[in-house]
Amino acid sequence: ALGLSMAVAAQSLRVWEQYPVRSHGNVLYIAAEGGGGLWERVAAWCEANGIDPDLMSASWFPTAFNWQLGSALESMVLMERIRIMKPALVVVDTKARCTDSSDENDSTAQASVIRVCDMIRQETGACVLIIHHSSRSGANPRGSSAWDGAVDIDLRSGCEGEGADRELVVKCHKRKDEEDQCEHKFKL
């Protein structure tokens, strides 16, 4: 998700991994989990891709998010900031950390979070990418199934291979209005 975000925010980048970058724009990345090493990962990505980090069109929140997506008041404050920024991509990393005031097993509580994500998308045209953990078995996402019907694309990732041959494999589990079950591989 960070690499994808950087590719969108780097105005001069035309190809990321082996995929063409078809559009660029502002990115709002909420690193509510793992934010401690965010700047090092951003710097490493910029160095590896020959991009000046000062030219990135991105806003990074490397701490636990102060606004909860399930809270009406806090979501209004977030929406004001998003309206000013006009992002092309909003990344919520992770859903659990940005919705800890909402019971992830309660479909009514999760419907409120889904409405906020829809509002972001509808008012800004931004793609909203939600990073979420799978259950312990790894077969399905944790929590309410309300998200199953709400998402346009359900991508699931895992690693394959060993050592230098290790790859991140992203599989399209579900995609509205288009073929699903595609697979994309990324070198780690």
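Leu-4 is partly exposed in this predicted model, with a relative accessible area of 35%, and its place is in helix H1, which spans residues 2-9. Leaving aside residues up to four places away in sequence, Leu-4 touches Trp-16 and Leu-129. Between Leu-4 and His-173 there are 169 residues of separation in sequence and 19 Å in space, taken from C-alpha to C-alpha.

**Nonpolar cores**

- In soluble globular proteins, nonpolar side chains tend to be buried together.
- The largest nonpolar core of this model has 23 residues, and those with the most contacts inside it are Met-6, Leu-13, Trp-45 and Met-56.
- At least two residues of this core come from each of H1, strand E3 (27-31), helix H2 (38-49) and strand E5 (89-93), and H1 gives the most, with 5 residues.
- Met-6 touches Val-42, Trp-45, Cys-46, Met-56 and Trp-60, when residues up to four places away in sequence are not counted.
- A second, separate core has 20 residues, including Ala-32, Leu-69, Val-116 and Cys-117.

**Aromatic pairs**

- The model has 3 aromatic pairs, and in one of them the rings of Tyr-19 and Phe-186 have their centres 5.6 Å apart and their planes at 45°, so the pair is tilted.
- Because Tyr-19 lies in strand E2 (residues 19-20) and Phe-186 in strand E9 (residues 183-187), the pair ties together parts that are 167 residues apart in sequence.
- Tyr-19 is partly exposed, with a relative accessible area of 24%, whereas Phe-186 is buried, with a relative accessible area of 13%.
- Ring pairs also link Trp-16 with Tyr-19 and Phe-186 into a cluster.

**Backbone geometry**

- Most residues other than glycine have a negative phi, and most peptide bonds are trans.
- Glu-17 has a positive phi of about 55° although it is not a glycine; the place of Glu-17 is in the loop between strand E1 (15-16) and E2, where Glu-17 is partly exposed, with a relative accessible area of 37%.
- Lys-86, which is not a glycine either, has a positive phi of about 55°; Lys-86 lies in the loop between helix H3 (72-85) and E5 and is exposed, with a relative accessible area of 62%.
- Asp-93 and Thr-94 are joined by a cis peptide bond, with omega at about 15°, and Thr-94 lies in the loop between E5 and helix H4 (95-98).

Key:
Residues are numbered from 1 along each chain as its sequence is written. This is a predicted model: local features need pLDDT of at least 70, side-chain atom pairs count only at pLDDT 80 or more; totals for chains, interfaces and linings use all residues. Side-chain values use heavy atoms; hydrogens and water are left out. Helices (H or I, at least four residues) and strands (E, at least two) are DSSP runs, numbered from the N terminus. Buried means under 20% relative accessible area, exposed over 50%, partly exposed in between (1.4 Å probe, protein chains only). Contact means heavy atoms within 4.5 Å. Rings of Phe, Tyr and Trp (its six-membered ring) pair if their centres lie within 6.5 Å; planes under 30 degrees apart count as stacked, over 60 as edge-to-face and the rest as tilted. A nonpolar core is a set of buried Ala, Val, Leu, Ile, Met, Phe, Trp, Tyr and Cys residues joined through side-chain atoms within 4.5 Å.
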